[in-house]
Every structure is written in C-alpha cells, then in structure tokens.
Amino acid sequence: MEYHKMKMSGLRDRMKGKKETGMKIAGTVVLNKKNVLDLSDLRASFFDKVNELKGRGVSFELISSTHIDPVMGRGKVGKPASLEDWVTSSTNLTPGDSKFKINFEWDDSQGIPGAVIVKNNHNSEFFLKTLTIEGVPGKGRVHFVCNSWVYPAKRYNYDRIFFTNDTYLPSQMPMPLRTYRDLELCHLRGDHVPGPLKEEDRVYGYAVYNDLGDPDKGEGSARPVLGASFEHPYPRRGRTNRPPTKKDPNSESKVTTLLQDVYVPRDERFGRIKMSDFLAYAAKSVGQSIFPALRAIFDKSPNEFDSFKNTFDLYEGGLKLPLSPFLSELREKIPFELIKEFVRSDGANLFQFPLPQVLKEDKFAWRSDEEFAREMLAGVNPVMIRRLQEFPPASKLDPKIYGNQNSTIRAEHIEMNLERLTVHEALNRNKLFILDYHDAFMPYLNEINRLKGNYIYATRTFLFLKDDETLKPVAIELSLPHPNGLQYGTVSKIYMPADSGIEGAIWQLAKAYTTVNDAGYHQLISHWLNTHAVIEPFVIATSRQLSVTHPVHKLLGPHYRDTMNINALARQALINAGGIFETTFFPGKYSFSLSSKVYKNWKLTEQGLPFDLLSRGVAVEDRSSPEKLRLLIKDYPYAVDGLAIWSAIESWVIEYCSIYYPDDSTIKSDMELRAWWKEIREVGHGDKRYETWWPKMDSLKDLTQTCTTLIWLASAFHAAVNFGQYPYGGYVPNRPTVSRQPMPEPGTKEFDELKKNPDKVLLRTITNQIQTLVGISLIEVLSRHSADEVYLGQRDTPEWTSDRLALDAFDRFSKRLIGIEERIVAMNSDPRLKNRYGPVKMPYMLLYPNTSDTRGKAIGLVGMGIPNSVSI
C-alpha cells in the first residue's frame, strides 16, 4: 500500500510538470586508508592515486528513504559523488583517520537519504567510518555510521550499502529501503558462497568445532568433532569452508603458516588502527614460535625451579636459558617487541616478566590460608564456591557407573576449626562452604593421569565463614578412582590445616592440588566455554538475521566486538591439539571432551548473576533488597560489585527496549527478532534445540532478560574471569595449572625429601619450568587492555543512533556505572572489608567499569576495567 502511494505521487508530480529543484549538498567522509606497513601496501597506495587521476575513485550514491524508483521498485538512487582530494591526501605510515569532502547533486525527486551505495574503484581496501551530510532539505543533518572495510568493487558481486543511524523495527522501516535491507542480510548470510572463504567475504555462517585436531599429523593429533552429536554437543563457531583433512573427511584442514589467519568476516577482525592486531600476533607467536622452540631447548636441557628465589628471578632480572641455536631462530620468527623482550639479544638469554600484582606488596602472602580462600571470592575464578547444604556432601555421579563417590569427610575432621560450633550448627547458620571439583574431574582422572607429566586428584575443599566475613579452609579431600576400576568408587583422603612442620608442608601441597583443579576448570569452563564459546553463535545470528537498523542489533552489536577473531585465533594456536592450553593445563588432550560434557547442562537462563548466586546457595531471595536477594557472604567482592553492574545493565536494557517495544504484541510481530531467536536455538546452539528451558521470546520480559544476560556475559563476567589471569596467575605457584606427582606418603623417599626441603618438593610437584614460561607468556598477553578498548557504558561513536530517547537512556546508564566506580574505590578503602584486598593487599578492581576513562589511560596490565565484549 505504502509503495503504491509513493509511486502514484511521483507520477502525479511529473504529469503536473513539477520542476525538480537541483542543488548541491555537502558531506564529510571519515575513513582509514590501508596501513602502509610493507612494499605491497606502498604499491597499492601508488596505484590508488593513479586510478584517481584516471577518474576511477571512491564514489557514493545516496538512496532515498522517501521516493521509490518506479522502474526498480525500491529507493531511488542518486547520481554518484566522488571523494575529493584523495591524491593530495597523504597516506600515513601510522594508522589514523583521514577526512574527505564530498558534494552530492540533489533535487526534489531524491527526498531524504536513508542509505548509500559505496563503490571503491581503487586497488586496496579502506576502513569506512562515517559519512555525514549537512543541510538535507526536509531533514537537516544525516549521519551514517559505517565502521566497515570496503574492498575494491571488482572483488564483490554486489553493491556495498550502508544505512543511516536511524533505528527501525522491521515493519517500521521506510518502504523504499526494505529491499536494500533484505539484500544486505542475504549477502551477510552468504549461504550461497562456495569454497574457502576469503578475507573480503562478508559471510557469517556456522560450523562445528572440527578444526581443533590435525589428523594428518597422526592419531595423537586427532581430536573429536565438537557439535552436532549427542556424545559431544557444543556451540557452533564461524564457518570458514576450508577443505577437509586427508585422513578424516569430518575434520577441517588447518591453515599452514604463522601469518595466515583463520577466516572471520573482515569487520570482525581486530582493528588495525590501534593495538589489537599487535596482541593477536603476539599470542599467535607464543603458540607457534615460542612454545616449539622452548620445547626443543628443554627436551635437551630439562630445568626445574628448585627454590622460590628461582621463581622470583622471572621478574627480577630474568631466567637464564640453556645456550641453544633455537634461540636465534626464535628471535627471527617473533614479529613484535612484546615477545622479543622476553628473550634478550645480548647473549644473556633471559626471560623476564612484569611483576604480578599478587607479589607486589608481599612475596609470600599468597601462601596464607586466608588468601587461598579469599581468591575464591575475589580472585580470577570467583564463580565456583557454593554453600554446603548437606554433610557429608553426596556425589551426583551415577553410582551404577562410578560406584560410591560420596565424600568421606566426617564431623571430627573439621569441628575443631568451627569456632565452637558443631557441623549441624554451622550448616544451620550458613557458615559452611565448599569448592567442589570432585564430580567434574573424577570420570576423566584415569585417562588424564596416563598423560605424561600428570598426577591429578579430584578435590573438595571445605571452608568456614568467620565472624569477620573472611573464609578459612578447614579440610581438603583428595580423591582418586579406585585402583580396581571406577565402578568400585573412589579412594579418598582428608587433609587438615597446619602451619608448620611436615603437616604444614602436606597442607601446602593439598592446597596446590585444589588450585590445579580450579585453574583447569576456570580456563576451560568459566572462561572459554561460558563466555567465548557460548557468545559466538549470537554474534553470527545477529549479523545474519537482524539488520543494522534493528534496535536489538544496535543494543548488542558493541558486545560482540572482536569475539569471532579471538576465538578463531584460539582455535588456531591456543586450544588446538598440542596447543598451549593442552600443554599447560592438566586436562591435556581431554580438555574439550570435558568442556563438551559441561555444555550438556548449559542453560542460557541460568547464566545471569542473580540466578547463579541463588543456585550456588551463596544468596537467598530478599524482596526488600534492591537486587531482590541477600548475600550470605556479605564481603563477597565479585558478587557485591557484580550485582550493582547487573542491576545497571538490566535497567538500561529495559529502558532501551521499552522505547521500541511498548507491549508484547510488538515483540510477537517482529519477524527479524523471531528469525534471530529461531536460528540461535535451532542452529547456533542447535544441540540444545529441543530443550524446554528456552524462553519463547514473545514478551518484553523474555527479550530484556536475554539481552541483559548476553551483555553481562560478554562484558562484566568475562572481565571478572579474564583480566585477573596475570595479576593472580602470573606467579604460577599461586595458581599452578598442573600437578605432576602424588602426595608423598610416610615411609617413602619422597616423604623424607618433603621433610628436608618442602619448597623444592612443592615446586617439583606443580607446573614445570617450560609450562610456566609458555603459560605466563600467554596470559600476560591475554590479561592486557588494548589502547582501543571500549568499556561498558561507552560506545565507539557518540552518534550510534539518531534516537534521542535511546541516547539519553544510555547516558543515564553511563553515569550509573561511574557511580559504581566511586563506590568500589570507597569499599576498597574500608578496612572492615578484608576480602577486598586480603593478605596480598591487592584491591579488587576486576569489576571496576572504567566507564569514566574516556582517554584510554588504562592500557596494559592494569587489572581493572570492563570492556564491552569478549575481545581478548
């Protein structure tokens, strides 16, 4: 109907002889030319200028949002306008914005622009940021936020189209623009694009995790396909269309060289203009250059840490490596200074790292029981501790398969440390807590402990909440499968706290075995699975099904930045067969089978912070509280700060979505939203498509709770479990990732050695030297904030929408986050809140939003700030 009205109006105007008034309207284009980093780029820049002189430049054609071309049946396209002064504009050797003037011919038949076609007739791509047009009759200022790489037109078989920063529900988009919108979504799906995808392709598709292994290297490098099976369910990753391996048609072949990237759509790649590419190649270098070279060195000259002084040398002068020709080769391979500085070229052969925060005030405070327990509330994995609700705790493993796996702890093991309470009284007063990895690892222990260099226990750690709100560990249970078989249950032993002597040495080892469990689960589940892996299908579905003008796309888009890129990089060099994760964390080759098993029980509806705290029993419902719950550990930094941030996100999402969805019927009639949700359920998380917990997405509540959870996971939750890796784990004795030998038993030579030199035995039990060097090389990179970080409550462009109501709501969200920053600083200064800084005197800042930092001051290993997305 709308189309026919517009068509008839245009015909009547021409029949009446109305004149089309012509004029020029001026615009400004902001873009980044391709960096001049090598000779090929210099040549490309030269030929771009030649093309300009020949009249083959960069052109823009405005598309009307109000007038339909009667022949084409869609928005009328204006005359091409070219960028001015490309030839005289210099191409900088360093990244930066270039501004160009542009003038469009305009007449009444054009109406108001709603989109633009951009054609790049040069030989090289550029990153188009914005187009702004001033003085459009009937409209005034028109702004386009593009943020996309535009390749030479000859490399596309369609026009590149960009829309204004207006926001529309699908049914409200102007009729002249709808065909362009639908075509753009079709191109982004790319379901018709065959063969290996190329860098200029803008295809968002799905694939299973069939690229972790490398069967062509031999059986030891093969890994199961994750996804599309009952045995190994998993979220989907981005499609690359690489050919299968020679030995296994179900596995995808690997990229072959260090500088060759796994395909992700170019607009999902780390930005070249600042620091992210630097981090990407640094991380890849660790995986593909440093690790093989170090392994070659240490295979011939195995080294161990013999004392804590040896470990401190990593930060105070460096660690001397055995002389080896591999080091010269290593320096040549590594392209960036971040990694080169690890290995000096003056003949000293030293690895030297920044001092982790956990050591800065006191080199041995990490060994205290209070700090050991505090890190369960304010460390890098503060999401696992649970309230103990039955004693002794029972296993949930099937006794028909695993026999009796229940805990063997008894009241007499712990009551002497319960401050005159009985176990029953402590339970009733919500004073007992547990860190329980028994069921997670027990089914895998036989296989894991057959791997070279592994001796892992399944652990349960029991803790008591003191009156000052600090926790103290009261017992640790170490368990192994029964030697006659898993069906016969477990063999367990209880260890109790001690400060000195052989008992104190044994207790330190027991804590180390617990931390090894925690480190492995943190990296594979809390970090990788629950943020990186589960978010990627939403990134893909959003680009495939929601147009860039859709309000939900504008809401969620910033929280997807760089996620596909870092995940592709991880598959290439970090989580692949024989990669850093398998080598430096104890589950080894079984890591992702274990991750897949945990995913079987994953539910999006249980990932929000309030549900998580209630389900772990560390909070109870309390309708009188602003957050509608009450923490049972009042000084729980992760939970306290997290609830404030969750509430701010939730309020922002509800306010924003209510602008566009005044009632549930608007949700139900949004066909793009319904297609998005259907694809997430049936394809992106397709292995869970038949589960009944999925929201129906037919109400405002369903939409706002889903979007709040997604933003929480991508921003605050990821920040909490990622950016503390180096501050806490950069000193490996504080967070060992592997244990290599069993607890010494009385009457053995190992026990006698423990009596003589307990520190040496501890260091010989946990992560070895090569694993330490490779592991902390990696987490130093992954714990850094980049120079182009965009934090929660910030956007990379202030004009991300033209909607004033949305902009005002976002401003309120930002101000609320800045208020949370002030509150966190105040709490960290309160001496009564001991868990906020602990014996190591390390204030809890991982959930400090850093919204107020608008100048990019927080760069590097600052241990604070919540980026919008899973970007590293």
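Guide: In helix α19, the buried residues are S591, F592, S593, L594, S595, S596 and Y599. Buried means under 20% relative accessible area, with exposed over 50% and partly exposed in between, using a 1.4 Å probe and protein chains only. The helix runs over residues 591–599 and is mostly covered, with 7 of its 9 residues buried. Helices (H or I, at least four residues) and strands (E, at least two) are DSSP runs, numbered from the N terminus. The cover over the buried residues of α19 includes α13 (438–441) and α15, where contact means heavy atoms within 4.5 Å.

This is a predicted model, in which local features need pLDDT of at least 70 and side-chain atom pairs count only at pLDDT 80 or more, while totals for chains, interfaces and linings use all residues. Residues are numbered from 1 along each chain as its sequence is written, and side-chain values use heavy atoms, with hydrogens and water left out.

Helix α15 leads on to the core. A nonpolar core is a set of buried Ala, Val, Leu, Ile, Met, Phe, Trp, Tyr and Cys residues joined through side-chain atoms within 4.5 Å. The largest one has 181 residues, of which Y638, Y661 and W676 touch the most other members. Helix α15 (residues 501–545) gives the most to this core, with 22 residues. Leaving aside residues up to four places away in sequence, Y661 touches L169, H550, P551, V552, T666, I667, D670, L673, L700 and L703. A second, separate core of 25 residues includes I25, F100, C146 and F162.

Next, a helix pair. The axes of α21 (residues 637–660) and α29 (residues 804–828) come within 10 Å and cross at roughly 175°; axes are lines fitted to C-alpha atoms, for helices over the stretch in contact, and angles run from 0 to 180 degrees between N-to-C directions. Because angles over 145 degrees count as roughly antiparallel, α21 is roughly antiparallel to α29.

Then the strands. An open sheet of 4 strands has the order β5-β1-β7-β8, with antiparallel pairing; two strands pair if DSSP finds at least two bridges between them. Its edge strands, β5 (98–106) and β8 (140–150), each pair on one side only. Strand β7 (residues 126–136) pairs with β8 in the antiparallel sense over 8 bridges, and T130 stands opposite V145 in β8.

Overall, the protein has 29 helices and 20 strands, and buried residues make up 60% of its 872 residues.

Notes:
Parallel < 35°, antiparallel > 145°, perpendicular 65-115°, else oblique.
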